[in-house]
Amino acid sequence: MIKNALILTLGLGVFTLSAQAAVVECIVSGTPTPQEYTADFCSSAVSSTASSVRFRLVTSKPIAEVSWTYSGSSGRWNCGRGQYCTFSNYNDEPSGGAQACARRVLYKDGTWENINACAYGMFWYGSGPVIPFTDEASSERIN
């Protein structure tokens with residue numbers, strides 16, 4: 001009985017570690033400065049309205065297939081079943097955002113897991129993003 005409980009505990013620990021190791025990163029392309037992938041959130045000014053946000057799933061094991069869900073501004077999505085998912089803004093919208101979530105991953109060793117790893121990318125062309133004040137003190141300091 002104790003041996004079975006120890007094996008179960010160790011097995012759950014391994015599953016927890018693999019679930020925590022999965023993260024979605026994103027990067028904005030079409031920017032005036034070089035960008036790097038960042039976990040969970042990315043944002044940047046863009047050089048033109050034809051920009052994109054590229055997402056990738058990063059795990060501790062080699063990936064065979066990913067199930068993606070996504071939403072965002074009007075544009076085109078290209079996600080397929082691979083490690084990468086891309087949103088392209090070709091609609092002359094000056095700003096927008098996109099979110100991609102990896103929901104299930106199949107590893108090359110034949111194992112799989114359900115995950116809920118997401119990232120959100122934001123881009124703007126022109127004067128910048130509109131960020132509302134979250135407290136009255138910030139508003140008073142500006143006036």
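**Strands, Charges and Rings**

Reader: In this chain, what share of the contacts with a separation of 6 or more comes from residues 24 or more positions apart?
Author: A contact means heavy atoms within 4.5 Å. Take the contacts in the chain with a separation of 6 or more. Residues 24 or more positions apart account for 55%.

Reader: How many residues does the chain have, and what percentage of them is buried?
Author: The model is predicted: local features need pLDDT of at least 70, side-chain atom pairs count only at pLDDT 80 or more, and totals for chains, interfaces and linings use all residues. Residues are numbered from 1 along each chain as its sequence is written, and side-chain values use heavy atoms, leaving out hydrogens and water. Buried means under 20% relative accessible area, exposed over 50%, and partly exposed in between (1.4 Å probe, protein chains only). The chain has 143 residues, and the buried part is 30%.

Reader: Which residues of strand β3 lie on its uncovered face?
Author: Strand β3 covers residues 41–45. Its covered face holds C42 and S44. The uncovered face holds F41, S43 and A45.

Reader: How many salt bridges does the whole structure hold?
Author: A salt bridge is a side-chain nitrogen of Lys or Arg within 4 Å of a carboxyl oxygen of Asp or Glu. A search of the whole structure finds three.

Reader: How many residues apart are R56 and E25, which meet in a salt bridge?
Author: Their N to O distance is 2.7 Å. R56 belongs to strand β4 (residues 51–58) and E25 to strand β1 (residues 23–29), so the pair links distant parts of the chain, with a separation of 31 residues.

Reader: Over the face of which ring does R56 lie?
Author: A charge sits over a ring if NZ of Lys or CZ of Arg is within 6 Å of the ring centre and within 35 degrees of the ring normal. R56 is 3.8 Å from the ring centre of Y37. The ring is that of Y37.

Reader: Which residue forms a salt bridge with K61?
Author: The closest N and O atoms are 3.1 Å apart in the pair of K61 and D109. K61 is in the loop between β4 and β5 (63–72), and its partner is in the loop between β8 (95–107) and β9, 48 residues apart. K61 is partly exposed, because its relative accessibility is 26%. The partner is D109.

Reader: Over the face of which ring does K61 lie?
Author: K61 is 4.5 Å from a ring centre. The ring belongs to Y107.

Reader: Which residue forms a salt bridge with E65?
Author: The closest N and O atoms are 2.9 Å apart. E65 is in strand β5, and the partner is in the loop between β6 (76–78) and β7 (84–89). The partner is R81.

Reader: Are the rings of F41 and Y120 stacked or tilted?
Author: Rings of Phe, Tyr and Trp (its six-membered ring) pair if their centres lie within 6.5 Å; planes under 30 degrees apart count as stacked, over 60 as edge-to-face and the rest as tilted. The count is five aromatic pairs. For F41 and Y120, the centres are 6.3 Å apart and the planes at 10 degrees, so the pair is stacked.

Reader: Which cluster do ring pairs link?
Author: The members are F55, Y70, W77, F87 and F123.

Notes:
Helices (H or I, at least four residues) and strands (E, at least two) are DSSP runs, numbered from the N terminus.
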